[in-house]
Amino acid sequence: MGGGDAAPLPKTPAVEAVSAAVEEIGFGPYQLMTLAMTGGIMFAEGAEMLVMGSITSLLHHSWDLAPAIRGAMVSIVFVGFSIGNLLSGQVGDRFGRRTGILLSYTMIACFGFATACATGPKMMIALRFFVGMGCGVGFPAVYTLMPEVCPAKWRGAVSTLMIGFMPLGELFAALWVLLVDPELDNSAKGCDFNMYYPTKTLQDPDRCTWKTLCELSAIPAFCFLMMATNFLYESPQLLASQGRFDELEKVMKKMCQMNGVELDMEAFRKKLTATSSEVDAPVAEIETKGYSFGSAVQTMAQPSLRYVVLFMCFAHMTKDFSVFGLAYVLPQYFVFLKGMVAGLELLIVASISLPGVLLAFLATRVQSIPRSTWMSISAGLCGFFAGGMLEAGPDVLAAPCAYLVKLLALCYFIFTVVFTAEAFPTSIRNTAVGCCTAAGRMGSIGAPLIFEVSKHAFKSFDFFVCCLITSMLTIASLAPFCLPKKSAMDTDSAEADEAKALEVDSEAAGYGSAAKA
């Protein structure tokens, strides 16, 4: 169906020239700076989601919420997320990845801080919707930008490190939960403000802890917004595909300057404007004319991509159901286990995710094993260990298995994102990633609702855990048959290497002819 090596779409000379130049410049401070500026989206998302999952019980005590409303407060974030994902493709592929990222930081920061002003469930749901939309605009943009500025051998590893900012955000939020309300039982204490204004609870953190936690979780987005405004640059591949060569030269010069590498700009300019008889006219038109959502959808529907798109939509649903569902469920699961203080359990879970990032980083450095294989392995192991969270299992295994499931779900998350970001051609990459990610939001939208309704009906966590096991084992079984072993960006790099080798050979042949003369 989709297995084997998918036939790549041809690339314009400009995009090929940028790919070759990025390989020549190599990895260095420029890529690390971009990593920090894009990783902030993941950091802010991790902090927001852990806090929202943690304060659900506090809001229940304060507003007497029904189970469906409690689930909807988190699910609405992912409805906004899904809409933001769809908008991100048009923002990122039309106006630029940088624009999408800055818009994302602004929305997360402003609406995240405003959630502390909510006076009831309706207002909270509305504000959380816009927080989710902000995250949705940013995720596809950072997934797309990071591989586009990295040499081929570093793409997977650096994208892994970028996603690793998410557990750092969770760790940041877990520390504040531990400091402000470790038992998550402050309820409505001190929340009867006569007049509330932003930052009021930061001046008295113990007065109304859910408001305090909402404000604290929004602070990282403000900080990253200020830094990204000054230190984040546009994708060189996007600028090349849109013919914005003056801006492209400035970005490439900045990359060379920061990495301490010299690039022959005159030769680079010639390659940008070269003509290529090998590029099919319809594809060349898509690469060079203005962005069109319809053209992007047509490209995704081509035989070489359609099955990849469909499978990755389901893979992202599983990814979101597991990672974001667990972010919501685990705070309540650890309260249910009563093993230790809930805040401390959250801190341990956030910390144990970091070794998962390290494992995924090391795995992506193994170039001989396809990303799809790592997806299958991590999904299979996650489904296996999730069985230990079922009530039928020994109590002593519940918490350790929960830690392992969290770790492996994050590994699966990373491999899925890395594969998706590399699977599509430059001109539609942000749109394709946005569509797959938007489809995935069905998993994150459904997870809190499924959990709350099933827990209310069955007084158990088992239904949610069984859904997690089923989806993970399905991915593990089908990924080797549905996904290609080589991505579009892998093919780009191979073509760039081949072109460079031919150029070296021709220069050597010319030198030999001159020597004979």
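You are looking at a predicted model, in which local features need pLDDT of at least 70 and side-chain atom pairs count only at pLDDT 80 or more, while totals for chains, interfaces and linings use all residues. Residues are numbered from 1 along each chain as its sequence is written, and side-chain values use heavy atoms, with hydrogens and water left out.

**The whole chain**

Switch to a cartoon view, and you will find 21 helices and zero strands (DSSP runs numbered from the N terminus: H or I of at least four residues for helices, E of at least two for strands). Among contacts with a separation of 6 or more, 84% are between residues 24 or more positions apart (contact means heavy atoms within 4.5 Å).

**The core**

Next, select Met42, Tyr143, Trp210, Phe268 and Phe413, the residues with the most contacts inside the largest nonpolar core, which has 153 residues (a core is a set of buried Ala, Val, Leu, Ile, Met, Phe, Trp, Tyr and Cys residues joined through side-chain atoms within 4.5 Å). Helix H18, residues 395–422, gives this core its largest share, 19 residues. Zoom in on Phe268: leaving aside neighbours within four places in sequence, Phe268 touches Ala17, Val18, Ala21, Leu248, Met252 and Leu263.

**Helix H7**

Move to residues 165–180. The end C-alpha atoms of H7 are 23 Å apart, in agreement with the 22 Å that its 16 residues should span at 1.5 Å a residue (the expected span is 1.5 Å times one less than the number of residues). Buried residues in H7 include Phe165, Pro167, Leu171 and Val177.

**Salt bridges**

Side chains of opposite charge can pair when their charged atoms come close. The structure holds 12 salt bridges (a side-chain nitrogen of Lys or Arg within 4 Å of a carboxyl oxygen of Asp or Glu).

- Select Arg128 and Glu48, which meet at 3.0 Å, N to O. This pair links helix H5 (residues 121–148) to helix H2 (residues 29–63), 80 residues apart, and both partners are buried.
- Then pick Arg441 and Asp320, whose closest N and O atoms are 2.4 Å apart. Arg441 is in helix H19 (residues 429–458) and Asp320 in helix H15, 121 residues apart; Arg441 and Asp320 are buried.
- Follow with Arg371 and Glu422, whose closest N and O atoms are 3.4 Å apart. Here helix H17 (residues 371–386) is linked to helix H18 across 51 residues. Arg371 counts as buried at 10% relative accessibility, and Glu422 is buried at 2%.
- Finally, show Asp93, Arg97, Glu148 and Arg429 together: they are linked in a network of salt bridges.

**A surface patch**

For the last stop, select Phe314, Met317 and Met442, which make a nonpolar surface patch of about 260 Å² (patch residues have over 30% relative accessible area and no salt bridge; like charges are joined within 9 Å and nonpolar side chains, Val, Leu, Ile, Met, Phe, Trp or Tyr, within 5 Å). Phe314 lies in helix H15, residues 306–337, and is partly exposed, with a relative accessible area of 30%.

Notes. Areas by Shrake-Rupley, 256 points an atom, 1.4 Å probe, with all protein chains shown as cover. Buried < 20%, exposed > 50% of the residue type's maximum accessible area, 1.4 Å probe, protein only.
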